[in-house]
Amino acid sequence: MQHFVAEENRLERSPDIEDLKGAFSRLPSGVVVITSTSACGEFAGATVSSFTSLSFKPPLVVFGLAQSSATLSAILSHGHFAAHVVAEPHQDLAMRFASSGTDKFNGVDFKLSPFGVPLLTQFDTYFQCTLERAQPTGDHQLLVGRVLDVSLAGRNATPVAWLQRSFHVCERVTAL
């Protein structure tokens with residue numbers, strides 16, 4: 001089996017950042033709102049489009065957060081987080097949690113999980129997780145979480161995908 005080994009002295013090119021963002025905007029992705037609690041008890045949250053399943057045995061998920069993220073700090077200190085799957089009725093909340101410098105939880109209904117993490121009651125589907133590992137990677141950290149519990153509420157809202165820097169409703173296509 002071969003393993004890739006980077007040459008430390010080789011000259012690497014990087015694409016233009018706007019071209020890179022444009023290319024990634026053409027890749028549809030699901031969106032989640034991540035919530036946690038900081039070491040001093042403050043609630044933190046962020047919207048993420050990099051969340052995905054990593055393993056079923058054990059049940060693991062993976063996502064990235066910016067090194068400067070208050071939500072990253074909360075997860076690293078608290079060790080638990082929740083990931084809420086964004087559906088059609090949650091688009092405004094997802095945009096709110098994507099912003100910085102605001103009280104994201106002001107006026108938002110939530111309850112505390114047994115792990116002390118805010119669970120946003122408007123969401124049908126969420127994962128409750130404990131942090132397995134964090135790996136600094138570029139300007140982000142890659143986080144791996146072990147799923148402790150899931151919620152599948154009966155409302156069954158229409159899912160959305162993030163594509164070309166906006167939400168798009170996902171509709172089932174029936175066979176012709």
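This is a predicted model: local features need pLDDT of at least 70, side-chain atom pairs count only at pLDDT 80 or more; totals for chains, interfaces and linings use all residues.
Strands E1 and E5 (residues 80–85) pair in the antiparallel sense over four bridges.

**Strand pairing**

Strand E1 spans residues 32–37, and six of its six residues are buried. Val 32, Ile 34 and Ser 36 point one way from E1, while Val 33, Thr 35 and Thr 37 point the other way. Residues on both sides of E1 are buried.

E1 also pairs with strand E2 (residues 43–48), to which six bridges join it in an antiparallel arrangement. E1 and E2 form a hairpin with five residues between them. In the turn of this hairpin, Gly 41 has a positive phi of about 90 degrees.

From E5 the pairing continues to strand E8 (residues 125–137), which runs antiparallel to E5 and is joined to it by five bridges. Here Phe 127 in E8 is the bridge partner of Ala 83. E8 in turn runs antiparallel to strand E9 (residues 140–152). Ala 134 stands opposite Leu 143 in E9. E8 and E9 form a hairpin with two residues between them, and Gly 138 in its turn has a positive phi of about 65 degrees.

| Strand pair | Sense | Bridges |
|---|---|---|
| E1 and E2 | antiparallel | six bridges |
| E1 and E5 | antiparallel | four bridges |
| E5 and E8 | antiparallel | five bridges |
| E8 and E9 | antiparallel | 12 bridges |

**Aromatic pairs**

A pair of aromatic rings is described by the distance of the centres and the angle of the planes. Across the whole structure, eight aromatic pairs are found. In one of them, the ring centres of Phe 43 and Phe 110 are 5.0 Å apart and the planes stand at 75 degrees, so the pair is edge-to-face. This pair links distant parts of the chain, since Phe 43 lies in strand E2 and Phe 110 in strand E6 (residues 110–112), 67 residues apart. Phe 43 is partly exposed, with a relative accessible area of 32%, and Phe 110 is partly exposed at 30%.

Phe 63 and Phe 81 form another edge-to-face pair, with 5.2 Å from centre to centre and 65 degrees between the planes. Because Phe 63 lies in strand E4 (residues 59–66) and Phe 81 in strand E5, this pair ties together parts that are 18 residues apart in sequence. Phe 63 counts as buried at 1% relative accessibility, and Phe 81 likewise counts as buried at 1%.

Ring pairs also link Phe 43, Phe 97, Phe 105 and Phe 110 into a cluster.

**Two serine residues in loops**

Is Ser 113 buried or exposed? With a relative accessibility of 7%, Ser 113 counts as buried. Ser 113 is found in the loop between E6 and strand E7 (118–120). Leaving aside neighbours within four places in sequence, Ser 113 is in contact with Leu 119 and Gln 128.

Ser 50 lies in the loop between E2 and strand E3 (52–56). Ser 50 is partly exposed, with a relative accessible area of 36%. Apart from neighbours within four places in sequence, Ser 50 is in contact with Val 62, Phe 63 and Gly 64. The side chain of Ser 50 reaches the backbone nitrogen of Gly 64 at 3.0 Å. The C-alpha atoms of Ser 50 and Leu 65 are separated by 8.7 Å, and these residues are 15 residues apart along the chain.

**The largest pocket**

The largest pocket has a volume of about 1300 Å³. Its lining consists of 39 residues, of which Thr 47, Val 48, Ser 49, Gly 64 and His 140 lie nearest the centre of the pocket. Helix H1 (17–25), E2, E4, helix H2 (70–78) and helix H3 (91–98) each supply at least two residues of this lining. Which element gives the most to the lining of the largest pocket? That element is E2, with six residues.

Key. Residues are numbered from 1 along each chain as its sequence is written. Side-chain values use heavy atoms; hydrogens and water are left out. Buried means under 20% relative accessible area, exposed over 50%, partly exposed in between (1.4 Å probe, protein chains only). Two strands pair if DSSP finds at least two bridges between them. Rings of Phe, Tyr and Trp (its six-membered ring) pair if their centres lie within 6.5 Å; planes under 30 degrees apart count as stacked, over 60 as edge-to-face and the rest as tilted. Contact means heavy atoms within 4.5 Å. A polar contact is a pair of N or O atoms within 3.5 Å; within protein, one must be able to donate a hydrogen and the other to accept it, and residues adjacent in sequence count only if both atoms are side-chain atoms. On a 1 Å grid over the protein atoms alone, a cavity is a set of points where a 1.4 Å probe fits but cannot get out, and a pocket is an open set with protein on both sides within 12 Å along at least five of seven lines; lining residues have an atom within 4 Å of a point. Grid points are joined across faces, edges and corners, and a volume is the space filled by probe spheres set on the points.
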